[in-house]
Amino acid sequence: MDATALDNLREALRGDLVTPQDAEYDETRVIYNAMIDRRPAAVARCTGTADVRTTIAFARQTGVELAVRGGGHSGPGLCLVDGGLTLDLSPMRWARVDPVNRTAQVGGGSRLGDLDHETHSFGLAVPAGINSNTGVGGLTLGGGHGHLTRKYGLTIDNLVAADVVLADGSVVTATEKEHPDLLWALRGGGGNFGVVTSFTFRLHPVHTVGVAATVWPIEQTTDVLRWYREFLPAAPEDLNGFFAVMVVPPAPTFPEPLHGQKVCAVVWCYTGDLEGGRLDDVLSVVNDPAPPAFHFATPMPYPMLQTMFDELVPPGLQWYWRGDFFDTITDEAASVHERFGQALPTGLSTMHLYPVDGAAHDVSPGETAWAYRDATWSGVIAGVDPDPANADVIRQWCVDYWAELHPHSMGGSYVNFIGEFDDTDSVRATYRDNYARLRAVKHTYDPDNFFHANQNIPPATP
């Protein structure tokens, strides 16, 4: 980029403009996935809407490619472009709660931990993710699922408003009454339509939840999945439980003989009545598929559950992931899970099946951009390791696992679990019949496809 133009941008911003000549450049360009090593020409650290508008105007005037960074959790690293400009929202980390109306407004650079910290003091929460380091923006724009989904729906089902800076620099607030087509698209359509500087969510009464983890030997994966696929969809919506194949970490929660063992597991969250041993009663069924190797259950403040995996998977690890939606878990798929669970390549590599039924099924496929309202699970396969030397190993395991499992899927994936983006086929499969409408909304709000460093939806041809 022209040095004079960059100096002008630096002077116009209230936040910092970081370039390769600055000492903090390498720290600034780091994102959650250390497998991504891209070098933008500059990072504009925006402190507010004015900085966002200034950065967009600069990118349009100079023709430089723009990427947008919220929490920096994009698996394929779409928040960075080599030689381009990253519009960084991370300085905009704030949350404000209205306990009377049970809503929370959150800055575009906020993380789930910022949101949970504020809402918990009022005994409220919004369904969103399972890791406090996750960015609110990327998770929400993709749809958002977590421990509270079966009870209170997807994150987007609780999104009531969004402040958006559009490609032409104008600022709008998308609600059910104003720009409803834009709000519809933001509810699952990704970062295609503008830069969201704040989100407003509907909150629900959640304070202390029942948390449990049940672990079985990896050789029992097929039997456990046959039980799980029948039990959970029929269970009360107060009970959520995501299934995993994993390696037991050397954490004091688990008995030492289990450390390093490959297992299958379910992590439970219960939002119902915890009095009188109710959690133990609800989970007494965990012995049905086979006696577990380990099981514990305890009441826990909701934010503690949200941070439970933070130390296990801190920023800076190598990640490669792929996903799919499933309406059922076939016997053949269960066998695939067992075989690749036995072949877990590293201690942090894993596969999760997140429930997306219950309250999430109360919304029709056309009400939001999220098209898979008939899915029961959102699956992700993640190769993870701290050592870059293992990058090819974890990637190949993930690719092979996905290739064998995909024929048993519904054909599309949660957009945030698309690990690589090289064409429109995977995005089109994600949105099904909503794809044409998303292209039309894209044409209305971004006809030149200015925002294209994302899981891109090209604008419709007028």
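This is a short tour of one protein model, stop by stop, with something to select at each.

**Before you start**

The model is predicted, so local features need pLDDT of at least 70 and side-chain atom pairs count only at pLDDT 80 or more, while totals for chains, interfaces and linings use all residues. Residues are numbered from 1 along each chain as its sequence is written, and side-chain values use heavy atoms, with hydrogens and water left out.

**Stop 1: H1 and H3**

Select residues 3-12, helix H1, and residues 49-62, helix H3. Helices (H or I, at least four residues) and strands (E, at least two) are DSSP runs, numbered from the N terminus. The two helices pack at an angle of about 165°, with axes 10 Å apart. That makes H1 roughly antiparallel to H3; angles over 145 degrees count as roughly antiparallel, under 35 as roughly parallel, 65 to 115 as roughly perpendicular and the rest as oblique. Axes here are lines fitted to C-alpha atoms, for helices over the stretch in contact, and angles run from 0 to 180 degrees between N-to-C directions.

Now show the side chains. Ala5, Leu6, Leu9 and Ala12 in H1 meet Asp51, Thr54, Thr55 and Phe58 in H3, where contact means heavy atoms within 4.5 Å. Five of the residues in this contact are nonpolar, two are polar and one is charged. In this grouping, Ala, Val, Leu, Ile, Met, Phe, Trp, Tyr, Cys and Pro count as nonpolar, Asp, Glu, Lys and Arg as charged, and the others, Gly among them, as polar.

**Stop 2: the nonpolar cores**

Next, select Leu182 and Leu186, the residues with the most contacts inside the largest nonpolar core, which has 63 residues. A nonpolar core is a set of buried Ala, Val, Leu, Ile, Met, Phe, Trp, Tyr and Cys residues joined through side-chain atoms within 4.5 Å. Buried means under 20% relative accessible area, exposed over 50%, and partly exposed in between (1.4 Å probe, protein chains only). Helix H7 (residues 180-186) gives the most to this core, with five residues.

Which residues does Leu186 touch, not counting those up to four places away in sequence? They are Thr140, Leu141, Ile156, Ala162, Val164, Ala174, Phe193 and Val196. There is also a second, separate core of 40 residues, and Ala212, Val247, Tyr401 and Leu405 are among its members.

**Stop 3: H8 and H11**

Move on to helix H8 (residues 221-234) and helix H11 (residues 331-342), which pack at an angle of about 135° with axes 8 Å apart. That makes H8 oblique to H11. Thr221, Thr222, Leu225, Arg226 and Arg229 in H8 meet Asp331, Ala334, Ser335, His337 and Glu338 in H11. This contact has two nonpolar, four polar and four charged residues.

**Stop 4: two positive phi angles**

Most residues other than glycine have a negative phi. Select His179, in the loop between strand S9 (171-174) and H7: its phi is positive, about 55°. His179 is partly exposed, at 31% relative accessibility. Then try Arg432, in the loop between helix H13 (425-431) and helix H14 (435-445). Arg432 has a positive phi of about 50°.

**Stop 5: Val286**

Finish at Val286, in the loop between helix H9 (278-282) and strand S15 (294-301). Is Val286 buried or exposed? Val286 is buried, with a relative accessible area of 3%. Leaving aside neighbours within four places in sequence, Val286 is in contact with Thr214, Trp216, Trp227, Trp268, Pro292 and His295.
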